[in-house]
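This report covers the fold outline and the surface of one protein.

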Amino acid sequence: KSLEKQMFGKAEELAVVCWLGTTNISLLVCSTGLKIFERQDKDADVPCSYRLSQEGLQAVLPFLGKQKFRMSVEEYQVMDKEAEFEMLMTSKNLELAETKAKAERLQDELVSMREAHNTLNDTLVGVKKDSSDILAHLERDMLEKRGTVAVLSEKVEALTAELEETRARILQLEKEREERDAEINQAQ
């Protein structure tokens, strides 16, 4: 047998109209009374199936005797302060959990940034080594080329000197030829 979700109390006048059916009036009933009991959740660890609802408390209150719990203002204030303290602690615990989560995210970002830094550092070290190797190679090439340039300069100087000697010799030979031509022309 399934339990109803809610149980209602009804006013007697309305019960007569609903149950006796002596009227020919079409009636739409929106609410027939006051919700007094509500079914307990299955997860609740209580021995009964229903509990008093807040709405029905005033209707049931005259029938309660020893079940009533009377609380002084001081007890209510203590209970209220304890509830407020619990709410504050829950709030602080949530803030702490959020702060821890944020700290963990920041720690993850820091680790990621360190890894990126190490990768960049390794790359920079590789670039520095490569540039040092290239510079050393260029210096060797420049020294070799300087040696080649020096040898070529010496050869150019030697060839220039030889060319000057050859020009001087040509000029001397041309002068000698002119002198011979002049002697030949005089002799004729």
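The model is predicted, with local features needing pLDDT of at least 70 and side-chain atom pairs counting only at pLDDT 80 or more, while totals for chains, interfaces and linings use all residues. Residues are numbered from 1 along each chain as its sequence is written, and side-chain values use heavy atoms, leaving out hydrogens and water.

The protein contains 3 helices and 3 strands, in the sequence pattern β-α-β-β-α-α. Helices (H or I, at least four residues) and strands (E, at least two) are DSSP runs, numbered from the N terminus. Of its 188 residues, 5% count as buried, meaning under 20% relative accessible area; exposed is over 50%, and partly exposed lies in between (1.4 Å probe, protein chains only).

Carbon and sulfur atoms hold 57% of the accessible surface of about 17,500 Å², computed by the Shrake-Rupley method with a 1.4 Å probe.

Patches are made of residues with over 30% relative accessible area and no salt bridge, joining like charges within 9 Å and nonpolar side chains (Val, Leu, Ile, Met, Phe, Trp, Tyr) within 5 Å. A salt bridge is a side-chain nitrogen of Lys or Arg within 4 Å of a carboxyl oxygen of Asp or Glu. E174, E178, E179, D181 and E183 form a negative patch. F69, M71, Y76 and M79 make a nonpolar patch of about 450 Å².

| Residue | Relative accessibility |
|---|---|
| E179 | 44%, partly exposed |
| M79 | 41%, partly exposed |

E179 lies in helix α3, residues 73-187, and M79 is also found in helix α3.

Definitions and conventions
Lys and Arg count as positive and Asp and Glu as negative; His and the chain ends are not counted. The place of a charge is taken as NZ of Lys, CZ of Arg, CG of Asp or CD of Glu.
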